[in-house]
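This report starts at the ligand and then moves out through the rest of the chain. Please keep the model open while reading.

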Amino acid sequence: MRVGAVIVAAGRGRRFGDGRPKQFVELGGAPVLAWSVRAFAAHPEVERVVVVLSPARAAAPPAWLPEGVTVVPGGVARADSVRAGVGALAEEIDVVLVHDGARPFPSAALISRVIGSAGRGPVIPVIGIEDTVKRVDGRGRVAETVPREDLRRVQTPQGFPREVLARTHALGDGAAWAEHDAASLTDDAMLCELLGIDVATVEGDPSNLKITTPGDLAIARRMVESGVIPGGT
Ligand code: C5P
């Protein structure tokens, strides 16, 4: 089985103090994105790595990208960027891992778990919810308590047989999920769900956090400084 990874980092994201999108902010001596690119480039089962950048950055790729990594320009919505990345993978690739560049700490064990299942069909890493979950109304008042037993938080990398991912994205231009605007497709498994394709789950990793706010970045920095995550420079 031949595995390729698509790391999407073409979003404008939230801006931090230094004015850069979150995936390019410094974390432990390297940009946030460099951490996830390294994790896939160093994984023995991952053969090809494609990084999707904004058209401006793709035209002048950062010097820190490891050799052998392919860079392609992304699109307006995340799904467009994923489609561009998948299109850059050769036909020989059997399984595609799609990862958000804003998640710097995908462990080798997590990547292996996803690969281990993805040959049989789409798979996503998930973690349970410990907090009590409530739905609130438009004014922020509690409407109800939502049973949490069946709820999961979803991470990336998400794994797909290449032809399933290529098929779901190709169908996207006019079929089952046309009523969903592209911006509402927050992950790739959603396309499978909308098209009735089964999606399996594997155990995610609490350290595999997504950097969305400056607070998340502060947590990630503490994880590197304290040695919870090895590899800071
Ligand atoms: O906006 P959000 O944090 O959900 O984006 C998830 C990932 O998708 C980020 O890594 C972002 O850079 C990427 N993305 C992209 N192309 C877009 C929008 C988002 O590659 N047009």
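A polar backbone atom of Val 8 is 2.8 Å from an oxygen atom of the ligand. Such a polar contact is a pair of N or O atoms within 3.5 Å; within protein, one must be able to donate a hydrogen and the other to accept it, and residues adjacent in sequence count only if both atoms are side-chain atoms. A nitrogen atom of the ligand lies 2.9 Å from a backbone N or O atom of Gly 75. Ser 81 uses its side chain instead: a polar atom there lies 2.6 Å from a nitrogen atom of the ligand. On its own the ligand has 460 Å² of accessible area, and the protein covers 81% of that. Accessible areas come from the Shrake-Rupley method with a 1.4 Å probe; for residues, only the protein chains shown count as cover.

This is a predicted model: local features need pLDDT of at least 70, side-chain atom pairs count only at pLDDT 80 or more, and totals for chains, interfaces and linings use all residues. Residues are numbered from 1 along each chain as its sequence is written, and side-chain values use heavy atoms, with hydrogens and water left out.

## The pocket and its shell

Where does the ligand sit? The space it takes is the largest pocket. A pocket here is an open set of points on a 1 Å grid over the protein atoms alone, where a 1.4 Å probe fits, with protein on both sides within 12 Å along at least five of seven lines. A molecule sits in one if more than half of its atoms lie within 2 Å of its grid points. Strand 1 (3-9) and helix 3 are the elements that give two or more residues to the shell around the ligand. Helices (H or I, at least four residues) and strands (E, at least two) are DSSP runs, numbered from the N terminus.

There are 15 residues around the ligand, and Val 8, Ala 10, Lys 22, Val 76 and Ser 81 come nearest.

Ser 81 belongs to helix 3 (residues 78-87). Is Ser 81 buried or exposed? Its relative accessibility is 4%, so Ser 81 counts as buried. The cut-offs are under 20% relative accessible area for buried and over 50% for exposed, with partly exposed in between (1.4 Å probe, protein chains only). Beyond its neighbours within four places in sequence, Ser 81 contacts Val 8, Ala 10, Val 52, Gly 74 and Gly 75. Contact means heavy atoms within 4.5 Å.

Ala 77 sits in the loop between strand 5 (70-73) and helix 3. Ala 77 is buried too, at 10% relative accessible area.

## Helix 1

Why is helix 1 (residues 32-41) described as largely enclosed by the rest of the structure? Because seven of its ten residues are buried. They are Val 32, Leu 33, Ala 34, Trp 35, Ser 36, Val 37 and Phe 40.

Take Ser 36, which is in helix 1. Its relative accessible area is 0%. Its side chain reaches the backbone oxygen of Leu 33 at 3.1 Å. Leaving out residues up to four places away in sequence, Ser 36 touches Ile 7, His 99, Gly 101, Arg 103, Pro 104 and Pro 106.

## Helix 7

Ala 220 lies in helix 7, and Ala 220 is buried at 0% relative accessible area. Ala 220 touches Leu 27, Phe 105, Leu 209 and Ile 211, not counting residues up to four places away in sequence. Ala 220 and Gly 28 are 192 residues apart in sequence, yet their C-alpha atoms are 8.8 Å apart.

Val 224 is also found in helix 7 (residues 214-225). Val 224 is buried, with a relative accessible area of 11%. The C-alpha atoms of Val 224 and Leu 27 are separated by 8.0 Å, across 197 residues of chain.

## Two loops

Glu 91 is in the loop between helix 3 and strand 6 (95-100). Glu 91 is exposed, at 64% relative accessible area. Arg 162 is 71 residues from Glu 91 in sequence and 8.3 Å away in space, C-alpha to C-alpha.

Pro 157 is in the loop between strand 10 (152-154) and strand 11 (158-161). The peptide bond from Thr 156 to Pro 157 is cis, with omega near 10°. Most peptide bonds are trans.

Notes
Near = heavy atom within 4 Å. 1 Å grid on protein atoms, 1.4 Å probe; cavity = no way out; pocket = protein on both sides within 12 Å on 5 of 7 lines; lining within 4 Å.
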